[in-house]
Amino acid sequence: MVSKNKKPHFGHESMHTHSQSVEAAVVDRSKATAESILSSKGHDVISVRPTDTIHKVTEVMKEHGIGSVLVKDQNGHMVGILTERDIVRGFADEPDDTFDETAADLMTTEVITATPETPLLDLLRSMSEGRFRHIPVLDGEHIAGLISIGDVVKFRLRELEYEALKLKQMIVG
C-alpha cells in the first residue's frame, strides 16, 4: 500500500534517493579548482616586459609554442596580457608598424583573473562569456600560473573519463 504522503519504495533504492538535473550532478561532481589544473600542468608562466617589441614577443611565443604572454613590470607585477588576437588586431590597424610597437601598445590591461580557489566551472564560464582563452591565476599579488581554455577542457575530459571508469567498475562489480 502506498501512503499519500510518500513515494512508493521498491526495496532496491534508498528512501533518500532523488533525481537531479544534469547540471546539478556535474556541479556536485566537479570540485576541481584553478589550483587542481595548475598542480597537473605546472605553475610556470612566460612573460615579457612592457617595452619589448611585438617582434620580440612573437619570437618568445613561437619559441614556447604558446598563444599568450603575461606582461610584467620591472618588479614582477602583472600589468597586462598579450595574446595572438591582440597582435592580429595590431596588424589589422597598423600593418607596417606593428612589429616595432611595444607590448604596452597592444596588451590588454583590464585583465580578468582567477584565484587558486576558483572552481573549474567558473573558469570555463568566465572564459566563455568573456570570449577569451587565457586567464592568469593570482594568489594575492603573486602570479600562481596561467590557465588556457585548453587546459580546462583537458582537465575536465580526464575527470569525465575517470567518472566513466568508476561507473563501469560499479556496474560490472
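Which class of exposure does Asp122 belong to: buried, partly exposed or exposed? In this predicted model, Asp122 is partly exposed, because its relative accessible area is 33%. A value between the cut-offs of 20% and 50% places a residue in that class.

The protein chain contains 7 helices and 5 strands. Read from the N terminus, these elements follow the order α-α-β-α-β-β-α-α-α-β-β-α. The chain has 173 residues, of which 32% count as buried.

Side chains of opposite charge can pair when their charged atoms come close. The structure holds 5 salt bridges. In one of them, the side chains of Arg125 and Asp122 meet, with a distance from N to O of 3.1 Å. Both residues belong to helix 6 (residues 120-130), and because they are 3 residues apart, about one helical turn separates them. An α-helix has 3.6 residues a turn, so residues three or four places apart point the same way. Like Asp122, which is partly exposed at 33%, Arg125 is partly exposed, with a relative accessible area of 43%.

A further salt bridge joins the side chains of Lys41 and Asp151, with 2.9 Å between N and O. Lys41 is part of helix 2 (residues 34-41) and Asp151 is part of helix 7 (residues 149-172), so this pair ties together parts that lie 110 residues apart in sequence. The two partners fall into separate classes of accessibility: Lys41 is partly exposed at 38%, whereas Asp151 is buried at 15%.

The side chains of Arg156 and Glu163 also meet in a salt bridge, at 3.5 Å from N to O. Arg156 counts as buried because its relative accessible area is 11%, a value under the cut-off of 20%. Glu163 is likewise buried, with a relative accessible area of 19%. Through salt bridges that share partners, Arg156, Glu159 and Glu163 are joined into one network.

Helix 3 (residues 54-64) shows how buried and exposed positions can be arranged around a helix. Its buried residues are Ile54, Val57, Val60 and Met61. Viewed down the axis of helix 3, these buried residues fall within an arc of 120°, so they line one face of the helix. The face turned away from this buried side carries the exposed residues Lys62 and Glu63.

Charged residues also form a group on the surface. A patch of negative charge is made up of Asp93, Glu94, Asp96, Asp97 and Asp100. Of these residues, Asp100 is located in the loop between helix 4 (84-93) and helix 5 (103-106). Asp100 is classed as exposed because its relative accessibility is 62%, which is over the cut-off of 50%.

Most residues other than glycine have a negative phi. Arg131, although not a glycine, has a positive phi of about 55°. Arg131 is placed in the loop between helix 6 and strand 4 (134-139). With a relative accessibility of 65%, Arg131 counts as exposed.

Terms used: Residues are numbered from 1 along each chain as its sequence is written. This is a predicted model: local features need pLDDT of at least 70, side-chain atom pairs count only at pLDDT 80 or more; totals for chains, interfaces and linings use all residues. Side-chain values use heavy atoms; hydrogens and water are left out. Patches are made of residues with over 30% relative accessible area and no salt bridge: like charges are joined within 9 Å, nonpolar side chains (Val, Leu, Ile, Met, Phe, Trp, Tyr) within 5 Å. Accessible areas come from the Shrake-Rupley method with a 1.4 Å probe; for residues, only the protein chains shown count as cover. A salt bridge is a side-chain nitrogen of Lys or Arg within 4 Å of a carboxyl oxygen of Asp or Glu. Lys and Arg count as positive and Asp and Glu as negative; His and the chain ends are not counted. The place of a charge is taken as NZ of Lys, CZ of Arg, CG of Asp or CD of Glu. Helices (H or I, at least four residues) and strands (E, at least two) are DSSP runs, numbered from the N terminus. Buried means under 20% relative accessible area, exposed over 50%, partly exposed in between (1.4 Å probe, protein chains only). The arc is that of the directions from the helix axis to the C-beta atoms.
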